[in-house]
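I opened the model today to look up a few points. My notes follow in the order I checked them.

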Amino acid sequence: MTIEVNGVAIPDRDVAAEVQNHPAEDFGEAESAAVRALVVRELLVQEADRLGIEAEPADLGDGRWETGTDARIRVLLEREVTTPEADEAACRRYYDNNPARFTSPTLYEAAHIFFPAEPQDAEATATATASAERAIATLQADPGAFARLAGELSACSSAKEGGRLGQVSRGQTLPEFETFLDALEPGQICPVPVKTRYGVHVVRLDHRAEGSLLPFEAVRGRIAEYLAERAWRRAVAQYVSILAGRAEIAGADIGGATSPLVQ
């Protein structure tokens with residue numbers, strides 16, 4: 001079906017070229033997103049034409065410049081779309097309602113002795129588990145032997161550092177590994193082997209620093225920028241909806257689309 005915006009056709013070749021800007025697991029989804037973007041772009045260009053808007057392309061840095069069309073769309077949106085600035089109360093409200101976004105991650109200092117095994121290989125997993133259990137038994141009698149055992153037994157590059165992993169934050173290691181780090185006391189060696197998708201580990205927690213809520217003053221600017229950007233996107237989406245509502249669009253559904261400059 002031919003795609004038209006107020007009688008102006010969007011060529012199939014333009015859709016094919018735009019698809020690459022909308023990666024998706026399903027080609028049909030990518031194609032629909034490309035069509036929406038091109039229809040929105042055409043709506044905005046036509047509105048810029050109607051209002052007689054001209055603009056000089058802006059320097060984007062690194063030797064890149066806006067196209068003339070992008071410049072006109074930018075000026076159109078700057079002129080026609082206005083949003084209020086996020087005030088202190090709005091920023092404070094967002095901060096109070098989203099503490100997890102402003103909490104520094106928990107930090108760990110840990111060491112491990114690693115015995116590799118594919119999870120689907122039952123025999124290798126059993127062998128690795130038995131090796132880890134023997135190492136744990138040795139360490140229960142002599143905790144100071146950790147570095148020596150890591151150097152002798154661990155199949156990880158950290159072996160040459162006595163098994164020490166250095167400082168890692170929550171999310172940088174495997175979830176099943178972190179579960180045990182959270183359960184251990186600093187200086188404690190886990191009394192059971194820790195199984196992960198890569199194999200079996202003997203784990204020692206050296207230090208844990210719990211995450212803490214950053215002060216409001218430290219994140220006030222970041223919150224204001226986020227709220228302003230969110231308000232801008234919503235306002236642009238509403239503006240595009242108004243343009244679409246009074247346009248004749250054939251062959252495309254642009255529900256939920258915004259400007260191609262702010263997607």
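**Entry 1: strand β8**

I began with β8, residues 199–209, and asked how many of its residues are buried. Eight of the eleven are, and I noted the strand as mostly covered. I keep in mind that this is a predicted model.

Next I looked up the pairing partners. Strand β5, residues 107–116, pairs with β8 over ten bridges. The sense is antiparallel. Strand β7, residues 194–196, is also joined to β8, by three bridges. That pair runs antiparallel too.

How many residues lie between β7 and β8? I found two, and the two strands form a hairpin.

Then I picked out single bridges. Which residue of β8 is the bridge partner of Phe115? It is Val200. I looked up Lys195 as well, and its bridge partner in β8 is again Val200.

**Entry 2: cysteines**

How many disulfides does the structure hold? I found zero.

The cut-off for a disulfide is a sulfur pair within 2.5 Å.

Is Cys156 buried or partly exposed? Its relative accessibility is 24%, so I logged Cys156 as partly exposed. Cys91 I logged as buried, because its relative accessible area is 0%.

**Entry 3: positive phi**

I then went through backbone angles. Most residues other than glycine have a negative phi. I noted two residues that go the other way.

Asn6 is not a glycine, yet its phi is positive, about 50°. Where is Asn6 found? I located Asn6 in the loop between β1 (3–5) and β2 (8–10). Its relative accessible area is 39%, so I call Asn6 partly exposed.

Asp62 is the other entry. Its phi is near 55°, again positive in a residue other than glycine. Asp62 is found in the loop between β3 (59–61) and β4 (64–65). Is Asp62 buried or exposed? I logged Asp62 as exposed, because its relative accessible area is 78%.

**Entry 4: recap**

β8 pairs with β5 and with β7. Disulfides: zero in the structure. Positive phi: Asn6 and Asp62.

How values were computed. Residues numbered from 1 in each chain as written. Predicted model: local features only at pLDDT ≥ 70, side-chain atom pairs only at ≥ 80, totals over all residues. Heavy atoms only, no water. Buried < 20%, exposed > 50% of the residue type's maximum accessible area, 1.4 Å probe, protein only. Helix = DSSP H or I, 4+ residues; strand = E, 2+ residues; numbered from the N terminus. Pairing = 2+ DSSP bridges.
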